[in-house]
Amino acid sequence: MDRTDVAEAGSGFPATHDVARVRAAIVEKLKYAVGKNPIVASGHDWFVATALAVRDVIVDHWIDSTTKTYRDDDKRVYYLSLEFLIGRLLFDALGNLEMTETVRAALGELGVDLDLLKEVEPDAALGNGGLGRLAACFMESMATLSIAAYGYGIRYDHGLFRQRIKDGWQLEYPEDWLANGNPWEFARPEVAYPIGFGGWVEAMSNRDGTTHHEWRPAETVMAVAYDTPIVGWRGHHVNTLRLWSAKAQDPMRLDAFNRGDHVGAAAARVKAEAISKVLYPSDATPAGQELRLRQEFFFASASLQDLIRRHLNQHSDITTLPEKVAIQLNDTHPAIAVAEMMRILVDIHEVEWATAWKLTVGTFSYTNHTLLPEALETWPVPLLERLLPRHMQIIYLINALHLDEMKRTREGIDGGLLSALSIIDEQGGRRVRMGHLAYLGSHKVNGVSALHSDLMKVTVFRDLNAACPNRIVNKTNGITFRRWLHQSNPGLKNLLVETIGPKVLDDAGELPKLAGFVDDAVFRDRFAAVKLLNKERLARVIRDRLEVKVDPQALFDVQIKRIHEYKRQLLNILETIAVYDAMRAQPTRDWIPRVKIFAGKAAASYAQAKLIIKLANDVAKVVNSDPTLRGLLKVVFLPNYNVSLAEQIIPAADLSEQISTAGMEASGTGNMKFGLNGALTIGTLDGANVEMKEHVGDDNIFIFGLTAEEVDARRIQGYDPREAIARSTILSEVLESIGSGVFSPGEPDRYKPLVDALTHHDYFMVTADFESYYSTQRAVFRKWRDKAGWRRSAALNTAHMGWFSSDRTISEYAEDIWNVPVYPVSS
């Protein structure tokens with residue numbers, strides 16, 4: 001099969017969608033699907049009508065792609081992820097179908113502005129940060145490369161939360177993205193699977209004297225499917241994102257209702273449907289921990305039941321599973337799928353244990369995204385025994401056979417090593433190590449940057465890597481250029497096409513050709529003009545949302561990501577305060593105008609992270625109201641960070657803050673998005689920053705701070721942050737101002753927890769890296785003054801980001817892990 005075959009299955013060329021036909025289709029949807037007359041239709045009505053008209057085009061390609069997959073008996077990839085941060089889909093679909101201008105013209109004839117409809121569409125609240133956005137990029141790239149794939153996750157009613165900032169504090173409210181329906185999805189009530197919890201396991205004797213086990217759940221929840229088509233570039237292929245919604249078997253207990261217990265009658269339904277209410281419910285309580293485990297098993301079990309049904313509908317022999325199915329676990333959340341697969345194979349399909357284990361390992365692969373202990377989930381054994389009793393039995397047997405094999409093949413193995421290799425952690429309360437389960441149940445385990453993959457081998461999976469070598473491989477993350485360049489930065493996209501040709505739209509490998517133009521002053525000016533236009537647009541967003549006026553000519557210094565101590569927003573704030581103090585002390589110096597831009601959410605129960613948000617807002621309040629600065633320094637915190645806000649911020653950024661503690665950021669993808677859009681990076685040698693440095697060159701990136709090896713060495717030696725603070729007059733004064741209440745008048749002890757953490761243990765090495773970071777920021781200032789040099793470096797960042805395309809990443813997964821072919825798009 002070649003690309004011609006794929007193209008015949010559907011192509012989204014504008015010629016097939018003339019303006020008159022599209023206009024008629026939109027009006028028809030407005031009338032018959034929305035039920036509105038154009039005269040009285042609201043912006044939301046027009047959005048829904050437009051989305052439904054575009055969806056009809058997608059469905060044709062979708063059905064063609066599905067039909068072709070069945071016809072050619074293609075191997076399918078199933079991507080299991082607790083998050084899919086897909087953002088808004090209207091412009092995503094229009095861009096990949098090459099229909100944007102056609103639809104714009106059609107709506108224009110109806111007196112409707114397409115760009116205004118973009119603002120009507122809510123962001124899908126299906127993720128939180130990099131994990132979910134990566135999953136969304138990967139789904140789009142799999143469709144672009146015509147890989148037959150399904151994404152599996154949960155259809156959260158209210159997402160993580162909607163963030164509001166009140167008096168500088170983060171407040172959490174439920175997301176309401178589904179309040180007006182979702183025109184992109186298809187409800188599949190006929191696709192529903194029972195998901196069991198609790199109960200007991202019954203051992204049954206077979207006629208041949210063997211024993212088989214049957215799980216008798218005490219509770220059953222139904223997983224109901226909702227499908228969203230994911231369109232690849234140029235519409236050549238469309239895949240399915242299938243999300244599960246939890247439903248009770250019965251809507252209420254009618255007997256209880258008729259007895260007058262109207263609330264109690266719905267209690268079982270409330271408990272069941274809580275599974276798909278919110279992303280990452282707080283696990284600070286036993287009930288919260290149980291809900292998280294219920295969520296993970298719920299979507300893993302439903303997904304496995306669904307894909308095995310599909311496999312057996314097409315292939316009668318379940319032992320062909322690894323030949324036709326590849327399952328990718330996106331982080332440790334879906335790891336319980338390994339035990340569930342064994343239950344399905346052994347208990348339901350009566351596959352012999354050794355064969356079932358071979359099929360499981362041959363089918364699964366696992367992506368690890370972090371070395372942080374809290375992200376490598378562990379579950380208390382008593383909780384698993386109560387909630388998933390059969391799975392706990394299976395995990396015990398997997399572990400016993402694994403340890404027996406270790407003792408048989410590794411002479412002289414001691415109890416300490418066996419304990420480290422065990423799936424069951426016996427230290428401080430027995431817990432199941434889900435990372436170990438995912439590792440042992442997968443034929444490949446990958447990290448997401450070269451540094452991260454190397455660290456996995458010597459840290460969290462050191463002993464498993466020694467016992468089961470050659471399983472860990474690296475697949476450095478990537479981003480989809482369709483979303484993060486074509487859609488987010490059309491001005492830059494058009495400049496690239498004019499400069500190096502239209503092939504760059506299909507092949508990110510064309511981008512390095514841009515390096516041949518960076519010494520052309522005319523090109524640099526055009527490149528800078530695109531950036532300025534994006535900055536003016538962001539300045540309006542800041543003014544409208546925060547009532548803060550910023551200068552688009554200033555250096556836009558940006559850190560937007562989940563708020564966490566290891567990501568070190570605090571380090572950025574400390575440097576901001578230091579500059580603020582210096583500007584007041586030396587007002588006659590030639591200061592460059594700078595805007596510090598923050599955005600991100602802190603987990604609802606993460607007190608330190610929420611305090612960092614408060615500090616950022618308090619610093620902004622003081623700095624922005626100080627007339628002595630003459631507007632040369634502004635600080636803003638944009639609330640409710642999501643994909644759509646990122647699309648506005650990233651094209652406008654001049655400096656990208658990627659300043660995590662070295663060795664703690666697995667990869668990062670924000671760094672790639674900023675670089676692609678012409679921002680220079682200031683960062684540590686952490687995650688994909690290392691590979692970005694190799695690609696863009698030392699002169700076009702600002703690297704500071706300790707390396708991962710140096711961080712590890714200092715922790716082993718026993719790092720005392722007081723020594724670093726004593727050596728730095730600047731840092732000492734900054735901490736003194738925070739601790740004394742300069743930014744919290746009336747509550748001088750507000751930031752004592754932050755100052756104490758830095759002063760007494762500083763696990764994240766903020767104080768150790770402060771002086772290096774501060775001096776590197778001065779190098780940023782010097783480079784910014786050299787406008788030609790800065791613009792040259794910015795353009796070189798764009799030129800050398802081609803390797804960081806998610807098309808490249810997915811191609812590597814396809815070849816090295818999934819064993820499926822890819823079909824790159826050509827114009």
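**Ground rules.** I am working with a predicted model, where local features need pLDDT of at least 70, side-chain atom pairs count only at pLDDT 80 or more, and totals for chains, interfaces and linings use all residues. Residues are numbered from 1 along each chain as its sequence is written, and side-chain values use heavy atoms, with hydrogens and water left out.

**Entry 1: α23 and α32.** An axis is a line fitted to C-alpha atoms, for helices over the stretch in contact, and angles run from 0 to 180 degrees between N-to-C directions.

Next I looked up which residues meet, with contact meaning heavy atoms within 4.5 Å. From α23 I noted L571, N572, L574, E575, A578, V579 and A582, and from α32 V766, F770, Y773, Y774, Q777 and R778. These divide into nine nonpolar, two polar and two charged residues. For the classes, Ala, Val, Leu, Ile, Met, Phe, Trp, Tyr, Cys and Pro count as nonpolar, Asp, Glu, Lys and Arg as charged, and the others, Gly among them, as polar.

**Entry 2: α32 and α33.** I then followed α32 to helix α33 (residues 787-799), where the axes are 5 Å apart and the angle is about 105 degrees. That makes the two helices roughly perpendicular. V780, K783, W784 and R785 of α32 make the contact with K787, G789, W790 and S793 of α33. I sorted this contact into three nonpolar, two polar and three charged residues.

Entry 3: I730 sits in helix α30 (residues 729-739). Leaving out residues up to four places away in sequence, I730 touches A578, F770, E771 and Y774. I looked up its accessibility too: I730 is partly exposed at 29% relative accessible area. Buried means under 20%, exposed over 50%, and partly exposed in between (1.4 Å probe, protein chains only).

Entry 4: In helix α5 (residues 100-109), I found T100, T102, V103, A106 and L107 buried. They cover an arc of only 165 degrees, so they lie on the same side of α5; the arc is that of the directions from the helix axis to the C-beta atoms. These buried residues pack against α2 (19-34), α3 (43-72), α4 (90-97) and α6 (114-120). Turned away from that side, I found the exposed residues E101 and E109. After α5 comes G111, with a positive phi near 80 degrees.

**Entry 5: two positive phi values.** Most residues other than glycine have a negative phi, and I wanted to look at exceptions. D167 has a phi near 55 degrees, in the loop between β3 (162-166) and β4 (169-173). R630 also has a phi near 55 degrees, in the loop between α24 (607-624) and β19 (633-638). D167 is exposed at 62% relative accessible area, and R630 is exposed at 53%.

Methods. Helices (H or I, at least four residues) and strands (E, at least two) are DSSP runs, numbered from the N terminus. Angles under 35 degrees count as roughly parallel, over 145 as roughly antiparallel, 65 to 115 as roughly perpendicular and the rest as oblique.
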